[in-house]
Amino acid sequence: MEQTFTYDVIVIGAGHAGCEAACAAARMGAKTVLITMDMNKIAQMSCNPAVGGIAKGQIVREVDALGGHIGQVTDATAIQFRMLNRSKGPAMWSPRAQCDRTRFIAEWRKRVENTDNLDIWQDEVAEITTKNGAVTGLRTVWGAEFTAKSVIVTAGTFLNGLMHIGRRMIPGGRCAEPASTLLTASINAMGIENLRMKTGTPVRIDARSVHFDEMEVQHGENDFHRFSFISQERPLPQLTCWTCNTNPEVHRILRKGLDESPLYNGQIRSIGPRYCPSIETKLVTFEERESHPLFLEPEGIDTHELYLNGFSSSLPMDIQIEALKQMPCFRDLKIYRPGYAIEYDFFPPTQLHHSLESKKMSGLFFAGQVNGTTGYEEAAGQGVVAGINAALHCNGNERFTLGRDEAYIGVLIDDLVNKGVDEPYRMFTSRAEYRILLRQDNADMRLTPYAEQYGLACAERKQRFHRKKESIEQILSLARNTNLKPSEINPLLERKGSKKLAHGAKLFELIARPELQLSDFIEDESVETLNNFRSVVQALQEDKAETMEAAEILIKYDGYITRERSLADKMQRLENIKIIGKFDYENLTQLSTEARQKLAAINPETLAQASRIPGVSPSDISVLLVLLGR
């Protein structure tokens with residue numbers, strides 16, 4: 001006899017999207033179950049053992065501010081941390097960390113297993129059940145039946161996954177793990193379309209076979225920066241990474257195997273990631289290049305396994321090994337496994353609302369690679385949004401969405417829903433038109449109020465958020481109201497190589513100078529007028545360095561931030577104009593043919609969303625405004 005289990009929310013898949021979704025829903029009070037085919041691979045880092053990177057690091061900080069876990073897990077298991085893009089302005093600063101792969105999984109599983117209202121079930125989902133246009137639950141291959149009001153699909157690369165090494169093809173969702181072969185058909189039966197995508201992963205190398213003296217060492221950083229706003233110091237030893245370059249002989253060997261490459265022999269027809277291409281794609285696309293950089297990254301503190309970043313490949317195994325041996329550092333190369341490509345099903349995200357709920361099926365949510373994205377960070381961002389909305393759906397509450405001026409997560413979801421994807425979507429700072437507002441340093445100021453609203457902020461997060469917010473406001477107020485005379489401040493300015501004052505000035509104006517730092521006015525005790533300001537900053541508690549940095553950025557970039565906030569507010573007026581259900585686009589002859597087709601397909605909720613749909617011109621928006629006026 002089949003067993004039936006009753007829940008509010010079911011999450012299918014325990015990758016980065018699934019774990020964040022399940023924890024968010026459960027912490028909001030929804031009785032939740034996380035279904036995975038392997039409990040030992042919860043939040044597995046399927047590709048590189050790293051979190052963050054350009055724009056991706058901002059997303060992780062945002063997930064953390066929303067009460068998610070990936071930031072804390074990363075800090076707890078980090079073995080190297082770096083802040084990328086330091087040579088640019090703070091809007092571009094992006095944290096990145098290498099993690100201990102085994103400990104990362106263990107830390108995530110501990111958090112999942114110790115979340116109230118959250119159960120884990122190891123099984124494969126065979127069918128999602130529905131009734132009257134709404135999900136009712138699902139059935140598994142082992143005959144278990146689950147009922148629920150919300151179902152979140154976060155199956156990653158497992159849906160009809162097919163791995164490729166040369167001409168060899170093996171069904172699987174990840175190396176040595178089976179594919180999920182039944183779920184796609186069940187979703188298709190609801191009228192939801194699927195397509196195929198491709199991604200890949202590189203060779204894993206035995207460190208004992210590497211000549212590290214032939215490589216350049218890449219050290220990490222160990223200052224106050226973290227991923228989570230509530231993490232303490234990183235507990236694990238900090239390790240080095242290494243860099244090297246391919247050479248013409250490596251390229252000659254690789255080209256020899258192109259006829260056997262699934263990417264070029266017709267075996268793979270789906271599209272791979274443009275911004276993380278395979279080594280064979282690099283050879284074809286950048287034919288004139290004689291070398292490409294590679295990064296050798298440790299997988300953990302207790303293993304010899306190394307990840308070769310930049311050498312993703314599906315070439316035959318012997319070609320991969322022979323080519324790498326042409327590099328001095330790898331002349332005695334031994335590997336644990338070759339690189340491979342994988343094809344999998346995804347569901348075009350234009351079929352979703354901004355809440356990540358299906359337009360076709362009430363209560364059905366999608367998050368992660370099944371929406372055509374790539375990366376742990378993009379998956380985690382979608383996961384926390386889907387988890388919040390799945391819990392809200394259970395009680396019939398208004399959905400949670402993020403604007404493009406509120407978060408990179410908002411940009412990500414808006415891009416997916418409006419534009420769709422024709423290749424795996426990866427976040428970049430250039431995708432965000434309000435990136436000066438969406439800095440990594442202020443993710444807590446932007447999003448922690450939502451965590452408080454939905455019950456996702458623990459007591460420590462609330463306390464630290466409000467303390468930091470008050471401290472920043474106090475620093476800014478004092479900086480704006482502290483008057484400095486030339487006679488008392490000019491000696492300090494002269495020592496710092498800054499232009500002396502002819503007349504009095506506010507402290508705010510001086511900190512705004514590029515050559516001066518806020519700390520300059522704290523460390524120099526010769527100016528008595530600054531005593532009050534100095535004492536306030538020196539009294540800051542555990543978040544002192546982070547608070548000072550956040551305040552200084554707000555001062556130095558005040559004009560840019562104000563201007564960008566004004567632009568965002570103007571666009572917000574269009575966000576407030578609801579148009580869903582108000583037009584029969586196919587019969588609006590005043591619009592261009594392309595605009596009619598795109599608007600009918602997407603059915604945007606607001607005028608601002610309509611303006612971001614590719615093919616909808618400003619004149620089309622003007623027509624809609626005129627028609628609304630009528």
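The model is predicted: local features need pLDDT of at least 70, side-chain atom pairs count only at pLDDT 80 or more, and totals for chains, interfaces and linings use all residues. Residues are numbered from 1 along each chain as its sequence is written, and side-chain values use heavy atoms, with hydrogens and water left out.

Start with the whole chain. The protein chain has 21 helices and 23 strands. Both are DSSP runs, numbered from the N terminus: helices are H or I with at least four residues, and strands are E with at least two. The radius of gyration is 26 Å, close to the 25 Å that the globule rule gives for 630 residues, so the chain is as compact as a globular protein of that length. This radius is taken over C-alpha atoms, and the globule rule is 2.2 Å times the number of residues to the power 0.38. The C-alpha atoms fill a box of roughly 85 × 70 × 50 Å, taken along the principal axes.

Now look at cover and contacts. Of the 630 residues, 58% count as buried. Buried means under 20% relative accessible area, exposed means over 50%, and partly exposed lies in between (1.4 Å probe, protein chains only). A contact means heavy atoms within 4.5 Å. Among contacts between residues at least 6 apart in sequence, 74% join residues at least 24 apart.

Next, find strand β18, residues 305–312. Seven of its eight residues are buried. Which strands pair with β18? Strand β14 (residues 195–206) does, in the antiparallel sense over four bridges. Strand β17 (residues 293–298) also pairs with β18, antiparallel and over four bridges. Two strands count as paired if DSSP finds at least two bridges between them. From β14, R204 stands opposite Y307 in β18. From β17, L296 has L308 in β18 as its bridge partner. β17 and β18 form a hairpin, with six residues between them.

Strand β8 (residues 125–131) and strand β9 (residues 134–140) run antiparallel, joined by six bridges. V125 stands opposite T140 in β9. How many residues lie between β8 and β9 in their hairpin? There are two, and N132 in the turn has a positive phi of about 55 degrees. β9 also pairs with strand β10 (residues 145–147), antiparallel over three bridges. Here R139 stands opposite E145 in β10. β9 and β10 form a hairpin with four residues between them, and G143 in the turn has a positive phi of about 90 degrees.
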